[in-house]
Amino acid sequence: MAATPQPPVTFSGKLSSKPSASDLLRSSSNGVSGVPLRVLGRAHIGSKRTDFAVSAKLRKVKKHEYPWPEDPDPNVRGGVLSHLSPFKPLKEKPKPVTLDFEKPLMDLQKKIIDVQRMANETGLDFSDQIISLENKYQQALKDLYTHLTPIQRVNIARHPNRPTFLDHVFNITEKFVELHGDRAGYDDPAVVTGLGTINGRCYMFMGHQKGRNTKENIQRNFGMPTPHGYRKAMRMMYYADHHGFPIVTFIDTPGAYADLKSEELGQGEAIARNLRTMFGLKVPIISIVIGEGGSGGALAIGCANKLLMLENAVFYVASPEACAAILWKTAKASPKAAEKLKITAAELCKLQIADGVIPEPLGGAHADSHWTSQQIKTAILDAMDELVKMDQEELLKHRYLKFRKIGGFQEGIPVDPQKKVNMKKKDTPIIQPGKTSGLELKEEVEKLKQQILKARETSTEKPGSGLKEMIEKLKREVELEFSEAAKALGFGDKIVVLREEFAKARNSNDQPMNTALKEKIDKLRTEFNQKLSSAPNYASLKYKLDMLQELSNAQNLSGESNKVGELKQEINKRFKELTEQPELRQKIEALRAEIENSGISEEVKEKSLLLKDEIESEFTGILKSLNLYVYPPPSSVEAQEKVDKFNREITGIMEDVVRSTDLKDKIKYLQREVAKAGKTPDAESKAKFQALWQQIKKSLVDAMSFSELQEKHKKLKAEISEDLESSKGTNGSLLKENIVDDNLKYDDGPKVEVKIASN
């Protein structure tokens with residue numbers, strides 16, 4: 001009996017088009033085709049049909065672009081494989097960061113921007129001033145970055161915007177693919193490794209990777225590797241050694257990460273294994289310090305045939321702050337520690353630890369990262385061309401000898417003996433007193449001026465109280481500024497040598513040696529004065545010198561005032577002594593009694609005149625002993641009238657000159673500039689005002705230097721001299737010598753006088 005065929009079970013929904021694998025199998029044994037097996041198995045049940053439906057919802061998942069985006073750019077820098085790297089260009093430009101020693105440059109840059117803005121607003125041509133300021137800025141930048149101190153180079157190496165390892169790699173390679181993992185379950189983001197090509201040659205790159213902002217720094221652990229990072233680097237070293245790829249390492253780390261977990265996982269053991277492994281690799285190795293290389297964390301990937309350093313990079317066993325805290329118990333001594341540690345590229349090349357210095361642009365590597373990368377690329381190619389010529393044995397020996405010669409010294413070199421006076425040295429301050437800012441000095445000087453004015457009004461204390469202390473303080477400030485300028489201009493070592501020679505010559509009687517030393521000192525002084533204007537702190541030095549000059553002049557005037565008062569007291573004392581002489585006092589009393597008895601007669605008048613002449617004669621002798629001379633007062637009424645008339649004539653000529661030439665415009669322009677600068681103009685504005693004032697002054701003198709006026713002046717001077725001689729006087733100070741006086745000023749009409757304060 002044949003089985004009755006049954007229709008298949010139907011599904012509804014998304015599963016209706018996807019039957020199970022068993023349903024798709026067909027039976028061929030019983031000659032029935034196209035019938036599911038499960039239906040054949042239920043043939044004996046009967047023809048009863050049961051319908052049911054199954055529905056399902058599929059959850060949407062996030063769409064990933066890994067490992068490739070949908071539309072990869074074939075022209076991307078580093079090749080298509082760079083899409084695999086999570087290192088992408090920043091969406092926002094990093095904020096500029098100004099270091100402390102760069103602030104004078106920022107002041108110049110601000111002046112350039114202000115002048116450009118003024119030119120745009122007023123429509124005037126300030127191109128000459130802008131070009132001058134830009135030249136001054138470039139010169140100051142060059143002087144600053146060619147005479148950097150070690151601690152300043154440390155700050156540049158730690159600059160937040162300094163290019164990182166991946167920045168340089170993508171700039172110098174045609175293709176680069178990053179390789180991850182230490183094959184033990186970890187991938188340290190602080191160490192990046194990968195394969196890249198330069199000019200068709202494949203290299204294994206590895207290096208410390210810092211972040212470009214706070215978020216990346218946290219992700220990269222601020223460039224401080226854990227043991228997993230060093231094990232990843234060692235795995236890539238073995239890989240490069242197996243395939244014959246040269247290795248290029250980039251060092252930029254403050255040190256290995258020193259937390260408890262890293263120590264538990266074997267931080268020291270991982271570094272030690274890397275050191276041992278690198279000395280046995282049979283491929284060329286080049287290490288480049290692009291930032292700071294700290295301790296064993298840097299050395300773990302730095303045992304190379306060639307160690308190159310960027311110009312402002314540093315390489316140290318302990319940071320300057322840590323060294324200062326250990327030796328001097330304060331991190332504030334870090335500048336001194338940085339100098340003693342010899343951690344800069346130039347010093348390490350002298351010690352034969354580093355093999356070359358790669359130049360950086362003015363302003364540091366962050367000023368032009370692409371240019372810096374190209375310099376690194378050139379250095380890699382030059383060093384690699386030298387190393388590939390060596391066979392494996394020569395490479396290993398070259399690397400071995402490079403590190404064996406570090407720390408060598410020669411015995412038998414004589415050392416100057418040092419005389420020890422006391423066993424215990426005096427405690428000297430480690431940190432020199434810092435400079436006072438110009439703003440603080442200005443406030444102190446203004447306060448001192450107010451105190452002097454108040455003292456003169458109340459007469460409760462001397463007007464010059466506190467003036468001497470301020471002058472001494474300014475002298476110390478000027479000395480500090482001169483010392484800083486000397487160091488910045490490269491005169492520090494020369495001055496130290498001259499001081500030692502001077503100390504030796506002072507105890508010697510060798511006259512030729514002293515003469516030669518004097519010539520050296522004069523030559524150094526002349527050279528220093530010529531270059532002083534290009535020092536980075538010249539504006540601050542000039543400002544403090546002007547302030548010191550002003551206070552010194554005030555002190556001199558105060559001293560002269562005190563001398564005048566003392567002189568008056570001395571004169572009164574001598575006059576009193578003269579009138580109290582017994583003989584003279586007797587004559588005065590007799591004359592007074594005679595006047596009381598007989599009145600004033602001709603005889604008494606003659607006696608009075610004789611006594612007056614006698615007293616004047618003796619008193620004149622006393623004044624001459626005090627280096628004082630008495631001149632009788634001239635009859636100056638007529639002379640004063642002549643002088644006033646001549647001055648009015650000069651004033652009229654000056655008004656005509658101002659109206660008929662372009663001096664009026666220059667005067668108005670100078671007035672506007674003075675108003676813009678305010679009460680406290682900077683050094684640049686002062687120089688500008690002085691130059692304009694000299695031009696105006698010269699134009700007035702040139703316009704008024706004609707023969708007729710000069711003849712009148714000479715004639716008037718001769719007449720006044722004759723009048724004074726006739727009246728036994730020699731005072732010729734009534735005439736205002738407007739033609740030749742250095743204090744020439746235009747008194748009437750538009751005001752030309754400009755007072756440029758020294759502070």
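Tutor: We begin with a definition: a residue is called buried when its relative accessible area is under 20%, exposed when that area is over 50%, and partly exposed in between. Please keep in mind that this is a predicted model.

Student: Why is Ile 667 called buried?

Tutor: The relative accessible area of Ile 667 is 4%. The limit for buried is under 20%, and Ile 667 is therefore buried. This residue is found in helix H25, which covers residues 663-677. Ile 667 and Leu 692 are 25 residues apart along the chain, and their C-alpha atoms are separated by 8.6 Å.

Student: What share of the residues of the protein count as buried?

Tutor: Of the 759 residues, 34% count as buried. The secondary structure comes to 27 helices and 8 strands. Among contacts with a separation of 6 or more, 73% join residues 24 or more positions apart.

Student: How do you know whether His 228 is buried or exposed?

Tutor: His 228 has a relative accessible area of 11%. Buried means under 20%, so His 228 is buried. His 228 is found in helix H8, residues 227-243. Leaving aside residues up to four places away in sequence, His 228 touches Asp 182, Tyr 186, Asp 188 and Leu 265.

Student: What makes Leu 401 count as partly exposed?

Tutor: The relative accessibility of Leu 401 is 44%. Leu 401 has its place in helix H16, residues 392-404. Leu 401 and Asn 305 are 96 residues apart in sequence, and 9.4 Å apart in space from C-alpha to C-alpha.

Student: Why are H6 and H15 called roughly perpendicular?

Tutor: The axes of helix H6 (residues 165-172) and helix H15 (residues 369-387) cross at roughly 70° and come within 9 Å. Angles of 65 to 115 degrees count as roughly perpendicular, so H6 and H15 are given that description.

Student: Which residues of H6 take part in the contact with H15?

Tutor: From H6, they are Asp 167, His 168, Asn 171 and Ile 172. Their partners in H15 include Ser 369, His 370, Lys 377 and Ile 380. By class, the residues of this contact divide into 3 nonpolar, 7 polar and 2 charged.

Student: How do you know that H12 and H13 are roughly perpendicular?

Tutor: Helix H12 (residues 320-327) and helix H13 (residues 334-341) pack at an angle of about 105°, with their axes 8 Å apart. The range for roughly perpendicular is 65 to 115 degrees, and H12 and H13 are therefore roughly perpendicular to each other. In this contact, Pro 320, Glu 321, Cys 323 and Ala 324 of H12 meet Ser 334, Ala 337, Ala 338 and Leu 341 of H13. The contact of H12 with H13 has 6 nonpolar, 1 polar and 1 charged residues.

Student: How many aromatic pairs does the structure hold?

Tutor: The structure holds 10 aromatic pairs. One of the pairs is formed by Tyr 239 and Phe 245.

Student: What makes the pair of Tyr 239 and Phe 245 tilted?

Tutor: The centres of these two rings are 6.5 Å apart, with 50° between the planes. Planes under 30 degrees apart count as stacked, over 60 as edge-to-face and the rest as tilted; the pair of Tyr 239 and Phe 245 is accordingly tilted. Tyr 239 counts as partly exposed at 35% relative accessibility, whereas Phe 245 is buried at 19%. Elsewhere, ring pairs link Phe 165, Phe 170, Phe 176, Tyr 203, Phe 205 and Phe 250 into a cluster.

Student: What makes the phi of Phe 222 worth a remark?

Tutor: Most residues other than glycine have a negative phi. Phe 222 is not a glycine, yet it has a positive phi of about 55°. Phe 222 lies in the loop between helix H7 (214-219) and H8, and it counts as partly exposed at 41% relative accessibility. Lys 342 likewise has a positive phi of about 55° although it is not a glycine. Lys 342 is found in the loop between H13 and helix H14 (345-350).

Definitions and conventions
Residues numbered from 1 in each chain as written. Predicted model: local features only at pLDDT ≥ 70, side-chain atom pairs only at ≥ 80, totals over all residues. Heavy atoms only, no water. Axes fitted to C-alpha atoms, helices over the stretch in contact; angles between N-to-C directions. Helix = DSSP H or I, 4+ residues; strand = E, 2+ residues; numbered from the N terminus. Parallel < 35°, antiparallel > 145°, perpendicular 65-115°, else oblique. Contact = heavy atoms within 4.5 Å. Nonpolar A, V, L, I, M, F, W, Y, C, P; charged D, E, K, R; others polar. Phe/Tyr/Trp six-rings, centres within 6.5 Å; stacked < 30°, edge-to-face > 60°. Buried < 20%, exposed > 50% of the residue type's maximum accessible area, 1.4 Å probe, protein only.
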